[in-house]
Structures are given as structure tokens and as C-alpha cells.
Amino acid sequence: MFDNRFKRRVLALTASAAVAAMACGAGAAFAGEAYRTPPAPIAQILDAAPTPGVTLSPERKTIALLGRENLPPIRAVADPILRLGGYRINPRTNGPIEARTNWMNSLAFEDVKTGAVRQVALPKGARFIEPRWSTDGQHLALVMEAEAGLELWVADLKTASVRKLTGPVLNAAFGGSYDWLPDDSGFLVRQVPAGRGAAPAEPAAPEGPIVQQAAGRTAAIRTYQDLLANAHDEALFDHYFTSQLARVALADGATVPVGAPGVISGFGASPDGRYLLVTRLKRPYSYLVPASRFPTEIQVLDAADGKLVKTLADRPLADNLPAAFDAVVAGPRSAQWRSDAPSTLVWAEAQDGGDPKKKVEIHDRVLMQAAPFDAAPTTLIDLDLRYAGIDWGRGDFALVTGRWFDNRKEKRLAIDPSKPGAGRLLLERNYQDRYGDPGDVVSRRNAQGEAVMHFTPDGKGVFVTGEGATAKGEYPFVGVMNLADGKTSRIWQAKAPYYEAPVALGDEAGKTLITRRESKDEVPNYFVKPLKGGNGKALTAFVDRAPQFAGVTKQTITYSRADGVKLSGDLYLPAGYDKAKDGPLPMLMWAYPEEFTDASVAGQTVDAGNRFTRPGGASHLFLLTQGYAVLDGPGMPIIGKDGAEPNDTYVEQLTADAKAAVDAVVALGVADRDRIAVGGHSYGAFMTANLLAHTDLFRAGIARSGAYNRTLTPFGFQSEQRTYWQATDTYTKMSPFTYVKQVNEPILLIHGQADDNSGTFPIQSERFYAALKGAGATVRYTVLPYEAHGYRARESVMHTLWEMTDWMDRYVKNAPPRAAAPAAAAK
């Protein structure tokens with residue numbers, strides 16, 4: 001039985017079509033309003049065929065070209081879904097829902113050396129996800145959609161053909177449904193248990209009330225979506241999320257079950273294939289937290305017969321973690337197989353009980369235990385930060401990363417796994433620092449298909465790649481990190497006018513490089529080239545899917561706010577614009593605030609003039625086709641200096657950021673101060689409402705899928721870790737809901753009716769609209785049926801862009817002059 005309450009709600013919205021939307025100057029909803037289409041050429045650009053995706057084989061000899069579907073129709077997005085434990089699934093397929101899936105519909109193989117392309121014949125109407133190469137690069141596995149579920153297929157490189165290995169039995173409720181076995185002989189899959197039967201029917205009438213109870217135990221829980229709500233939801237969760245692990249042979253699809261069925265949220269074979277690491281969820285479930293916090297067992301099974309070898313963790317419901325971002329569960333977590341060893345477990349354990357506020361020298365301990373798992377675990381390293389992962393290399397070298405949210409600190413330490421217990425600090429930095437980003441190590445797949453570091457031929461260094469951000473632009477690089485001192489020397493870097501990102505080293509010695517290259521005017525394409533000079537050759541020849549956008553100009557502008565913090569934004573001007581002839585334009589500023597702890601990092605500006613830009617989806621950049629200028633991503637940093645909480649001065653800093661941006665574009669002569677609108681999505685919508693409430697800088701606003709009343713997210717939001725009761729004044733002042741009477745500019749509210757993002761429940765827009773209407777504001781509220789936090793259906797995307805264009809035309813471009821331009825930013 002599907003969620004009928006959800007279906008009834010959506011059908012009601014569809015019948016009234018944009019319930020609660022206001023006519024200009026009136027309070028009635030528009031009954032029977034249909035989906036609208038934006039003006040040309042927006043629809044034509046949206047309907048153009050998407051550029052294919054690319055995946056490179058592990059031995060770097062072949063690329064798979066993956067055709068992608070365009071925006072799905074609303075009838076597909078409207079298919080029944082189940083919302084259980086923080087997940088959304090399609091009950092027909094036991095897999096992902098349409099609104100969250102980028103389906104692929106064609107496949108071709110291209111030889112990197114010769115450029116020869118061979119098309120793979122797929123069944124008529126085929127659509128697939130999860131393409132993954134075998135370690136030897138001879139096969140590409142696919143998860144194909146069937147009427148009754150998801151099937152495992154495999155494409156053969158030698159014959160350029162596909163064949164089906166299983167029926168519609170894969171269980172992708174938790175996400176990925178299969179892994180290649182280490183020896184490429186087949187797959188470990190998560191499948192629907194045999195004979196599962198029909199889903200539990202919803203009771204015709206409840207058997208009693210729904211009761212939750214607390215007994216004095218602190219549980220500061222953030223705002224989550226799609227949680228279990230009753231006993232029937234629990235039964236549905238068990239039905240759809242229970243799976244059976246099985247081995248599937250590559251040769252003939254022969255299937256052998258492994259172990260017992262269970263609510264298996266994670267699984268993986270050891271590199272030698274002898275053991276399985278399995279994570280199972282169990283009751284009692286919770287109606288307050290998602291499934292990731294349900295009671296959990298982490299076990300090692302024998303891969304041959306599925307028998308239990310070791311229980312690493314058996315932890316209870318984690319519904320009482322502190323609100324701080326670095327809070328973690330007590331006991332073993334982040335368990336994994338060591339990539340460069342046959343069968344060695346590695347995991348982390350908090351030494352502060354999971355509470356980052358505790359004053360201790362060691363916050364996390366990383367432990368290691370080799371098969372047969374009967375000796376005591378070995379301490380690999382102790383960290384004064386939270387464990388953030390390990391890059392495995394070889395017996396004497398691995399790289400451990402630790403991070404701490406409060407100060408944005410990151411440390412990278414070299415360890416010798418053969419001599420555990422200590423690490424050597426290679427790097428300490430602010431992880432928001434783009435200029436100082438040293439890059440990340442390059443990995444390759446070893447013979448067991450595991451990702452390990454790619455060392456230089458002499459073994460004294462490891463290859464790294466990074467973005468190469470500077471004030472002049474991002475110019476990605478390849479470097480070598482010296483293992484002895486951690487210093488990196490760059491051996492290749494992209495050069496103007498290109499943004500050229502390394503995709504992979506083209507050979508083991510690191511003499512060739514495969515890149516994805518683009519420029520302001522050049523469509524992104526893939527190339528192979530010598531690492532040290534010489535001409536390369538193109539591997540793909542993708543074309544511009546939106547030539548109508550070709551004449552748009554783009555430049556990164558820099559400016560400063562009143563306190564000296566440097567800011568920047570990407571200024572787009574319409575095709576054919578002539579400042580001398582056309583004068584200042586109406587403009588939309590589209591932004592998203594970000595919190596920082598360091599003003600110098602917040603003030604880093606990076607020129608984006610070497611990037612190829614084409615809009616897609618519900619992008620605000622489509623307004624450039626309608627005669628508007630756009631300032632995209634103007635810096636809106638909220639900075640907490642010297643330990644101060646950034647949000648305690650949120651409104652003041654946001655006002656200063658916005659005023660600096662407005663002054664900058666007006667001074668350039670490209671924007672009319674009296675015809676500038678502000679907009680944003682999610683936290684950008686929250687920003688938009690605040691700027692209309694607290695300033696007179698803007699003529700109108702567009703707020704999509706936002707949150708406006710912080711009392712509805714009382715245990716933290718965005719980067720705010722304090723609760724409402726710890727920072728009541730900050731929560732109140734940051735909530736534009738508090739200041740609706742000060743919103744005297746027209747504001748367009750758009751929200752997906754099935755928003756799945758934490759904190760942005762649709763009731764946020766619903767109540768904000770009601771408050772604005774009650775205060776006499778000019779406001780329109782559009783609800784998009786069946787849409788989540790991001791809008792997916794073609795009809796929804798088209799309608800959103802129509803709403804935005806109409807709003808801008810009505811209240812910005814064609815609005816009568818104001819009596820006088822605002823003399824000051826603040827109200």
C-alpha cells in the first residue's frame with residue numbers, strides 16, 4: 001500500500017494547481033492554473049539532448065560513452081513512492097525514485113589509443129544506472145530497469161554486446177546494489193529475498209494511538225525528513241529494505257545466497273575475497289531519526305558459507321547524539337577493509353564518548369585487526385581531531401586525514417602501517433582555504449580492484465592532483481608529493497585560457513595524462529596528452545547543446561565590503577549587450593551564504609573566466625536570454641572571528657555583503673540600482689527573505705525551497721550547531737518570519753511539495769506565505785506537485801522558469817520608478 005495521505009495531498013494540489021498562489025493585489029488562489037512554458041529560447045535549450053557521460057576503464061585503455069536521458073515528464077516523477085527511514089524508494093522496482101535518478105539510455109566503447117568507437121546494442125527502451133568496470137577493464141556492469149524490478153546486466157568489451165545475468169531481483173533501496181568480486185569472477189549483490197510476497201497492507205483502521213516517550217535523556221535531534229511514522233511504516237521498511245546477499249557468476253549468472261537475509265545497509269568483500277564486511281540494522285526503530293541511526297550490527301562473515309566470524313559492533317539506537325557537527329556514535333564506526341592488505345579491518349572509535357565538547361587530548365583512535373580476527377586490535381594512530389579517512393598505499397605508507405568543524409582545521413599524517421601507533425604530520429590547514437589546497441593523492445585500482453595510492457616509479461613520491469585556485473583563476477595541476485617531507489612539486493598545470501582537469505594518469509609511470517578541457521568558448525571534451533609537453537589528441541567531440549547562449553559574456557568582478565573583506569561574483573551580460581548603447585540593465589543577483597572562521601579565507605576570490613557555462617534545469621542563468629544581467633554567486637560570507645559565532649552578526653554581515661555587491665555592479669554601469677532583484681535556492685532563499693526584510697537594496701525577490709522560521713529547526717541548521725535555547729536571540733533575529741511586516745518588496749515563493757531536504761519542510765513556505773499575506777505583502781506562492789528539494793520534471797522546471805521570468809518582468813524590468821532610490825541599505 002502506498003502513502004495514500006501523500007497521494008491525496010498531491011492530488012488536491014494538482015486539482016487547485018498552485019494552491020495558495022496570489023494574484024497581484026488579490027488574495028485568492030488561481031484555480032485550475034496549468035503548467036506554463038517559459039519564453040524562447042529557454043524551452044529549446046532545455047529540450048536539447050544532454051551531453052553523454054564518460055567513465056574510464058581501470059587500465060585506462062577504454063572509455064565508455066554513456067547516453068543520458070533528459071528531464072523526465074511529470075507523470076514519471078508522479079509515480080508512487082515510499083518515504084521510509086530517511087529514504088525514498090520506488091516500490092515497483094525496490095530502487096531509486098525518478099526524481100533522484102539520472103538514467104542512462106545508450107552505451108558505446110571508445111579505444112583511447114585509436115579513437116575507434118563501437119556502439120553497444122541495448123534492448124529497445126533500455127535505461128540503466130550504476131555502470132561499473134571490472135578491474136581488468138573487459139566488462140562493464142549495469143543495473144537495468146525492468147517492469148518488475150532491477151536486473152544485473154554486463155557489457156562485454158570484446159564483443160560490444162550486453163547480456164542479462166539476473167532477473168528483476170536486485171534490491172537498491174539503500175543505494176548501490178552490487179559490487180564486483182575481487183577476482184572479477186562475478187558479483188556480490190544485494191537482492192530481494194526469494195518468496196518475499198506482497199507488501200504489508202495498511203490497516204483499515206488504527207489499532208491504537210501512536211506513542212513516543214522520553215524519560216529525561218537528552219536527545220538534541222536535527223530536523224529530518226521522510227522518517228518512519230507508525231507501525232505500518234516499520235513493517236514496510238522491513239519489507240522493502242530486507243535483502244539477501246548473493247554471489248552471481250559472470251560466466252552464466254549462477255546465483256548462490258550468502259548468509260541470512262537482513263536489513264543490510266552496507267556490504268563489501270575483503271580484498272582477498274575470503275570475508276564479507278556487513279552492516280545490518282535492527283529494531284527497535286525510531287520515528288525521530290533516519291535509518292543510519294537505527295540499532296546497528298557490524299559483522300564479518302565467511303564469504304564461502306556466510307557464517308559469522310566476528311561481530312565488530314552491536315550498538316543501540318543513536319538518538320541522543322549531541323547537536324555539534326563532530327558528534328559521533330560511541331564504539332566502532334567507519335569500518336572498512338584495508339585496501340592494500342588481504343583481509344585487515346580498520347575502524348575508528350571516539351575517545352570522547354562521541355561528544356566533541358569534551359576536553360580530551362585524543363578525540364579519535366583508529367584501530368586495525370587482521371584475519372582471523374582473534375588477536376587484540378592494534379592502535380594504528382590517535383587523533384586530536386575527528387577521523388576523516390585513510391588513503392592506503394603500501395605496507396610502509398598510508399595517509400590519514402583528520403578534521404574539526406569548529407575551526408575548519410584539517411591535518412594529514414603519514415603513517416607506517418607496519419609500525420603502528422604514531423604518525424608524522426605532513427600538513428595542517430584550514431580546509432576552506434582554496435588558495436592553499438595541496439590537492440589529493442591520485443589513486444589507481446590494484447589487482448583486487450581496490451583503490452590505492454599511485455606512487456611514482458621510484459617509490460619515493462605519490463602523484464597528487466588539485467584545483468590550483470588563485471585570484472587569477474583555477475588551473476588544475478598534477479604534482480608529486482615527496483613521502484619524506486610531504487612537500488609537493490607540480491609537474492603539470494593547466495594554462496590559460498583553459499580550465500583543464502586531470503581525469504587520470506594515462507599509464508603506470510605517469511608519463512601521459514587524460515584530461516577534461518574547457519574554456520570560456522570551448523565545450524568540455526576529453527583529451528590524452530604527454531605529461532611533459534607535446535601535443536595531445538581529443539578523445540571526444542561533444543558539441544554545444546545551447547548555442548543560443550554563445551553570445552553571453554562573463555567576467556569575474558572583485559570588490560570589497562565596508563570592513564575590507566574581499567568579495568567576488570561572476571557577472572553575466574546578455575548576448576549583444578553594449579553598455580554605451582544599452583545602458584544599465586535590470587539584474588538578478590543569485591547567491592548562497594557561507595560561514596567562515598577566517599576572514600582571509602572568506603575573502604579569497606577566484607576568477608572563473610576560463611570555465612564554459614551553459615544553463616540547465618531551473619537555472620537562474622536562463623534570464624540572460626530575456627535581457628537581464630545576472631550576478632551569479634556574489635560572495636556572502638558570514639565570518640566568526642577569534643572564536644565568535646558567525647551567525648551572531650548574520651544580518652549585519654549579510655547586509656554589508658549585499659550592499660557591496662549592489663554598489664559594485666552599479667559602479668560598473670551595467671546594472672540599474674532601481675531594478676535589481678535578489679534570489680536564491682534553499683539557504684539562498686533564506687538569505688533572500690532576510691535581505692528583503694532588512695534592506696531596501698532590491699526591487700523584488702525570488703525564494704525557492706527555503707526555510708524562514710528557525711524555531712522550526714530548533715536543534716541547529718546549516719552550519720549553526722547551537723540549539724534554539726542556547727542562542728534564542730540569534731535564531732529569532734535570523735528568522736525573516738519575525739520581520740514579515742518589513743518585507744515591502746514583492747517576493748515569489750516556490751517550493752517542491754515533496755521537499756526532502758533537512759530543515760526545508762514545505763510548511764516553511766506555507767506559513768511564511770500566510771504571514772506575508774497577513775501583513776499585506778505582495779507575494780506569490782507556487783507549490784510544485786511531487787517535486788523534492790531540487791525540481792526534476794520537465795513541466796516543473798519549465799513552470800519554475802516561467803514564474804521567475806514573469807516575476808522579473810512584472811516587478812523589476814517593467815516596474816515604475818520608485819519615488820527615490822534608497823539612501824541607505826538598512827531599513
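The model is predicted, so local features need pLDDT of at least 70 and side-chain atom pairs count only at pLDDT 80 or more, while totals for chains, interfaces and linings use all residues. Residues are numbered from 1 along each chain as its sequence is written, and side-chain values use heavy atoms, with hydrogens and water left out.

Let's start with the layout. The protein chain is assigned domain 1 (324–433) and domain 2 (553–812), with bounds taken from an automatic or database domain assignment. Their C-alpha centres are 38 Å apart. Domain 1 puts 10 residues into the contact and domain 2 puts in 11, where contact means heavy atoms within 4.5 Å.

Now the interface itself. About 830 Å² is buried between domain 1 and domain 2, with 43% of that from carbon and sulfur atoms; buried area is the accessible area (1.4 Å probe) that two parts lose on being put together, summed over both. On the domain 1 side, Phe325, Arg408 and Gln432 lose the most area to domain 2, together 51% of what that side buries.

What about salt bridges across the interface of domain 1 and domain 2? The rule finds zero, taking a side-chain nitrogen of Lys or Arg within 4 Å of a carboxyl oxygen of Asp or Glu.

Finally, the annotation. UniProt, in an unreviewed entry, lists residues 652–814 as "domain: Peptidase S9 prolyl oligopeptidase catalytic"; positions follow the numbering used here, feature names are shortened, and annotations may be inferred rather than shown by experiment.
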